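Here is a short tour of one protein model. Take a look at the sequence and the structure, then read on.

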Amino acid sequence: MDFTDVSLVALRVFQEVAERGTLTAAAAALGYTQSAVSRQIATLERAAGASLLERRRDGVRLTAAGRVVLRRAVVVLEQIDATGRELAGLPADAGTVRLGWFASAGGIVVPQAIAALRRTHPGITVVSREASTPVLVRALRAGTLDVAVIASAPPFRPPDAESPPLEVRTLGERELRVAVPASHPLADREVVDVADLRGQRWIAGQAGGDDRLMGVWPGLDERSHVAHVARDWLAKLHLVAAGCGLTTLPSSLLPAVPPGVRALRVRDSGERRRILVAWPPRPLSDAAARLVDALRAAVSDV
């Protein structure tokens, strides 16, 4: 086991693979060929004397040795980045927080939290990106995000099974609703039954690379008719307004509902969604803690 000749490039490639979950996605993000990524991983595995990745049909997963190497790599890369900032004349802790968020959180909650933080603490800089909850969880583990706003559905399991567990706090819990065109026969109701949703046309999109369709009401006992596929929530809602079909709607997006759309409750559905904030298992920086407070306030306001 000898890490003396391991390069920073290899560590950054490994970090990217850990976040992206596949060699192909990591190569695309880095602008490398897949063979170049594979060579860097092989270099690390030779140095470690152990396999760092378990190759699976749906991508890769870190082995026990891989988790150890990633944990140490994150520390090394953070120190290198801090050194670069200091040499550039910036403070070692520049008050920058790297935030990740799942799609519907970007409609109201995240912009409102960032705006509030800019008013109260203008010295804190937030850089953010959207991704699916599984990708955000991997990014927290890989050290490329400081804080992530993630989603959870019943039975509300932990976001992953890795150890030590991520720090997770519930920001809010809301019921899922169904958005219908104002001209739809159901639009004059406040509450509908699940049975009323059978046989409808749906507007949906893939859920972060898995097979679930976000937009179709969960648990319908029929093969759903998806008339339009869209990942963006605003696009879905405007397609609803145009009379193209129905879609599901997190309650956190109610303030963003455009004219021509009714958001209806579904009786006794048990379909609730939690908005969570998560971070790696270590103390938050002061800047990150203030961002978490702003996110909590934003969810409460919504």
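## A loop worth a look

Let's start with Arg157, which you'll find in the loop between strand S5 (147-152) and strand S6 (167-181). This is a predicted model, by the way. Is Arg157 buried or exposed? Arg157 counts as exposed because its relative accessibility is 62%, and the cut-off for that label is over 50%.

Now for Phe156. Phe156 also sits in the loop between S5 and S6. Its phi is positive, at about 60 degrees, even though Phe156 is not a glycine. Phe156 has a relative accessibility of 22%, so it counts as partly exposed; buried would need a value under 20%. What lies over the face of Phe156? That's Arg274, at 3.7 Å from the ring centre.

The loop between S5 and S6 also holds Pro155 and Pro164. Each of these prolines takes part in a cis peptide bond: Pro155 is joined that way to Pro154, and Pro164 to Ser163. Here are the two bonds with their omega angles.

| Cis peptide bond | Omega |
|---|---|
| Pro154 and Pro155 | about 10 degrees |
| Ser163 and Pro164 | about -5 degrees |

Back to rings for a moment. The charged end of Lys236 sits over the ring of Trp233, 4.0 Å from the ring's centre. And how many aromatic pairs are there? The count comes to zero, where a pair would need ring centres within 6.5 Å.

## Stepping back

Time to zoom out to the whole protein. It has eight helices and 13 strands, and its C-alpha atoms fill a box of roughly 70 × 45 × 30 Å along the principal axes. There are 302 residues, and 42% of them count as buried.

What about contacts? Take those between residues at least 6 apart in sequence: 70% of them join residues at least 24 apart.

As for charge, you'd count 38 positive and 32 negative side chains. The centres of those two sets lie 1 Å apart.

Key
Residues are numbered from 1 along each chain as its sequence is written. This is a predicted model: local features need pLDDT of at least 70, side-chain atom pairs count only at pLDDT 80 or more; totals for chains, interfaces and linings use all residues. Side-chain values use heavy atoms; hydrogens and water are left out. Rings of Phe, Tyr and Trp (its six-membered ring) pair if their centres lie within 6.5 Å; planes under 30 degrees apart count as stacked, over 60 as edge-to-face and the rest as tilted. A charge sits over a ring if NZ of Lys or CZ of Arg is within 6 Å of the ring centre and within 35 degrees of the ring normal. Helices (H or I, at least four residues) and strands (E, at least two) are DSSP runs, numbered from the N terminus. Buried means under 20% relative accessible area, exposed over 50%, partly exposed in between (1.4 Å probe, protein chains only). Contact means heavy atoms within 4.5 Å. Lys and Arg count as positive and Asp and Glu as negative; His and the chain ends are not counted. The place of a charge is taken as NZ of Lys, CZ of Arg, CG of Asp or CD of Glu.
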